[in-house]
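Here's a quick tour of one chain, written for someone who already has the sequence and the fold open on screen. Have a look first, then read on.

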Amino acid sequence: MDYHYEQTSEVEALDSIYYGDMQILQTKPMHKFSIPIKSEGYDDGEGLACELVFTYTPKYPEELPVLEINTDESFDEIVDKNELYNHLMEQGKENLGMVMIFTLVSAGQEWLNVQWDSIQREREEEVLAKKKADEEAEQKRFEGTRVTVESFLAWRKQFEIEMGIPAKREKEGKDKNKLTGKELFLRDTTLNESDLKFLEDGDAVKVDESLFQDLDDLEISDDDDEDYVPGQSSESD
């Protein structure tokens with residue numbers, strides 16, 4: 001195989017295909033050139049892009065070309081360029097004996113597209129997950145927290161502590177031994193005994209009947225009668 005012829009012919013074909021993008025970096029002792037690749041949507045401001053730099057070996061295409069991948073920080077933050085390198089080397093091994101740069105560039109382009117599609121899906125899923133979480137949080141805010149026996153008891157205990165209820169209960173417990181005047185009265189059994197004795201000695205109470213004898217001699221005017229109406233005579237029974 002005429003390696004020089006194969007290499008020169010491929011460089012001419014690649015320069016025609018990637019005219020304006022391909023850069024010839026050197027021609028001696030071996031050809032070295034770069035070809036940029038990018039994913040779909042990159043020109044619109046989002047996507048992946050890098051630069052593939054190939055250097056022929058003396059026995060290329062029966063040997064793999066030397067490959068370098070130039071990237072920027074944004075690329076390295078999203079994907080691992082080593083994965084791209086390994087992917088392209090595998091493609092190159094499958095094409096040993098044939099000129100392969102176009103195949104490798106196309107494989108690199110497709111790899112970027114697959115990676116970018118995966119990144120977009122992940123971002124969309126994150127957005128949807130966040131939206132769902134926000135909606136659920138908003139719904140819970142209106143519904144409130146489901147109350148269980150355990151949560152209610154815990155809330156009541158905390159509420160009582162904040163309101164000082166345990167301290168009040170303790171104070172009330174201590175005050176139970178202090179009786180009010182009414183409680184002392186109700187607890188004084190001697191008062192009950194005196195009332196009973198009064199009832200038992202009721203026959204001993206003497207009434208002076210002379211006080212009620214001469215009622216007919218009393219002069220009672222109609223003015224003293226609350227039911228008296230002027231002009232009307234009272235009816236006798």
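What follows goes from the overall layout to the core, and then to a loop and a few helices.

**Layout**

Keep in mind that this is a predicted model. The chain has 237 residues, and 20% of them count as buried. As for contacts with a separation of 6 or more, 52% are between residues 24 or more positions apart.

**The core**

The largest nonpolar core has 30 residues, and the members that touch the most others in it are Phe-33, Cys-50, Leu-52, Phe-54, Tyr-56, Ile-101 and Val-105. Who supplies this core? At least two residues each come from helix 1 (3-17), strand 2 (32-38), strand 3 (49-55), strand 4 (66-70), helix 3 and helix 4 (101-143). Helix 4 gives the most, with eight residues.

Setting aside residues up to four places away in sequence, Phe-54 touches His-31, Lys-32, Phe-33, Pro-65, Val-66, Leu-67, Ile-101, Leu-104 and Val-105.

Now for the rings. There are six aromatic pairs by the ring-centre rule. One of them is Phe-33 with Tyr-56, an edge-to-face pair at 5.6 Å centre to centre with 75° between the planes. Phe-33 sits in strand 2 and Tyr-56 in the loop between strand 3 and strand 4, so this pair ties together parts that are 23 residues apart in sequence. Phe-33 and Tyr-56 are both buried. Along with Phe-54 and Tyr-60, they make up one aromatic cluster.

**A threonine in the loop**

Thr-57 is also found in the loop between strand 3 and strand 4. Is Thr-57 buried or exposed? Its relative accessible area is 12%, and buried means under 20%, so Thr-57 is buried. Its side chain makes a polar contact with the side chain of Glu-63, at 2.9 Å. Apart from neighbours within four places in sequence, Thr-57 is in contact with Gln-7, Met-30, Glu-63, Leu-64 and Val-66.

| Helix | Residues | Number of residues | Expected span | Span in the model |
|---|---|---|---|---|
| Helix 5 | 149-163 | 15 residues | 21 Å | 21 Å |

Helix 3 has a capped start: a side-chain oxygen of Asp-80 lies 3.0 Å from the backbone nitrogen of Asn-82, at the N-terminal end of the helix. Which residues of helix 3 are buried? They are Leu-84, Leu-88, Met-89 and Gly-92. These residues cover an arc of only 135° around the axis, which puts them on the same side of helix 3. The spacing makes sense because an α-helix has 3.6 residues a turn, so residues three or four places apart point the same way. On the other side of helix 3, Lys-93 and Glu-94 are exposed.

As for helix 5, Gly-164 comes just after it and takes a positive phi of about 75°.

Definitions and conventions:
Residues numbered from 1 in each chain as written. Predicted model: local features only at pLDDT ≥ 70, side-chain atom pairs only at ≥ 80, totals over all residues. Heavy atoms only, no water. Buried < 20%, exposed > 50% of the residue type's maximum accessible area, 1.4 Å probe, protein only. Helix = DSSP H or I, 4+ residues; strand = E, 2+ residues; numbered from the N terminus. Arc of directions from axis to C-beta. Polar contact = N/O pair within 3.5 Å; in protein donor to acceptor, adjacent residues only side chain to side chain. Core = buried A, V, L, I, M, F, W, Y, C linked by side-chain atoms within 4.5 Å. Contact = heavy atoms within 4.5 Å. Phe/Tyr/Trp six-rings, centres within 6.5 Å; stacked < 30°, edge-to-face > 60°. Expected span 1.5 Å × (residues − 1).
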